[in-house]
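Please read it alongside the sequence and the structure shown here.

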Amino acid sequence: MHDYVEAVPGEVPELRFSEPTAVSVRVIFTELGAKLSDRRDGRRQRQFLARFAPDVYPGENEEFHRRWDEPLRAEILGALERVLRAWDGSAVVRFTDQRMVDDWFIALAHARWLYVRRDGDLLGRVAASQVNVAWVQFVQTQLVTAAGLAI
Amino acid sequence: MVRLSLISDDVNASEAVAYALHRVFGWSEGIAASYARRAHADGSVELGSYPERGEAEELAARLLAFGMLARITPEEATDA
């Protein structure tokens, strides 16, 4: 049996996972939740959070981060918590409303920062990170396909 | 006036960029996809100009929530 994620567009779009893939994605989401909830203020944690809330101004960004970093963290964490509450890691996910698609999209978008920097440089064990990033990207692309956005 | 742009990065696929633009700005899928393609081809794409920095920041933060990269720059004054 091979690993897969399949987009099933329709009135109620679906993602269908192989069992090991579903388990892996849920483990990644759980790890992301733990990292985002970590309130320690070490260098590594600051670097991690900077990938979620990168600078938007070419110059001074302190005010922007003071205003937006916490709401941003809360929004991402909220999306992730809703995903984890509604999904136990089962092989079929049915997207019954738009918010659910957005929540998954946001969770997948930020799961990548566990393994890759914004400039595309891989973190930690490169081979493992490469595989994880590729899977997360693929699930996100399948999600967009299932939701009916064709490029 | 400030200008809001989306920056193409080495991480987000065009499909993901289009979805984010569709959701944040409410654009049709076709328009969102065309902006995503332009960002991919040119490295960035201008999304709009705003009289208030706050409005641009709100939209930039929404784009960041969807995993995108955004840039806010002052719009250069033009001679009358």
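Arg71(B) counts as buried in this predicted model, because 20 C-beta neighbours lie inside 10 Å and a residue is called buried at 20 or more. Arg71(B) belongs to strand 3 of chain B, which covers residues 69–74.

**Surroundings of Arg71(B)**
- When neighbours within four places in sequence are left aside, Arg71(B) is in contact with Val56(A) from chain A, and with Ser5(B), Ile7(B) and Ser44(B) from chain B.
- Pro51(B) is 20 residues from Arg71(B) in sequence, and the C-alpha atoms of the two residues are 15 Å apart in space.

**The contact between chains A and B**
- Chain A gives 28 residues to the contact and chain B gives 25 residues.
- On the side of chain A that touches chain B, the elements giving two or more residues are helix 3, helix 4 (98–111) and helix 5 of chain A, and the largest share, 7 residues, comes from helix 3 of chain A.
- By residue class, that side of chain A divides into 17 nonpolar, 5 polar and 6 charged residues.

**The helix pair across the contact**
- The crossing of helix 3 of chain A and helix 3 of chain B is right-handed.
- Helix 3 of chain A makes this contact through Phe64(A), Arg67(A), Trp68(A), Pro71(A), Leu72(A), Glu75(A) and Ile76(A), while helix 3 of chain B contributes Glu57(B), Ala61(B), Leu64(B) and Ala65(B).
- The residues of this helix contact comprise 8 nonpolar and 3 charged, with no polar residue among them.

- In chain A, 3 strands form an open sheet in the order 1-2-3 with antiparallel pairing, and the edge strands, strand 1 (5–8) and strand 3 (92–94), each pair on one side only.
- Neighbouring strands of this sheet are turned against each other by 15° on average, with direction ignored.
- Strand 2 of chain A (residues 14–17) pairs with strand 3 of chain A in the antiparallel sense over 3 bridges, and Glu14(A) stands opposite Arg94(A) of strand 3 of chain A.
- Helix 5 of chain A (residues 126–146) packs on the sheet and touches strand 1 and strand 2 of chain A, and the direction of helix 5 makes about 15° with that of strand 1 of chain A.

Technical notes
Residues numbered from 1 in each chain as written. Chains lettered and ligands numbered in written order. Predicted model: local features only at pLDDT ≥ 70, side-chain atom pairs only at ≥ 80, totals over all residues. Left-handed = near helix turned anticlockwise from the far one by under 90°. Helix = DSSP H or I, 4+ residues; strand = E, 2+ residues; numbered from the N terminus. Contact = placed C-beta atoms within 7 Å. Nonpolar A, V, L, I, M, F, W, Y, C, P; charged D, E, K, R; others polar. Pairing = 2+ DSSP bridges. Axes fitted to C-alpha atoms, helices over the stretch in contact; angles between N-to-C directions. Buried ≥ 20, exposed ≤ 12 C-beta atoms within 10 Å, placed from the backbone.
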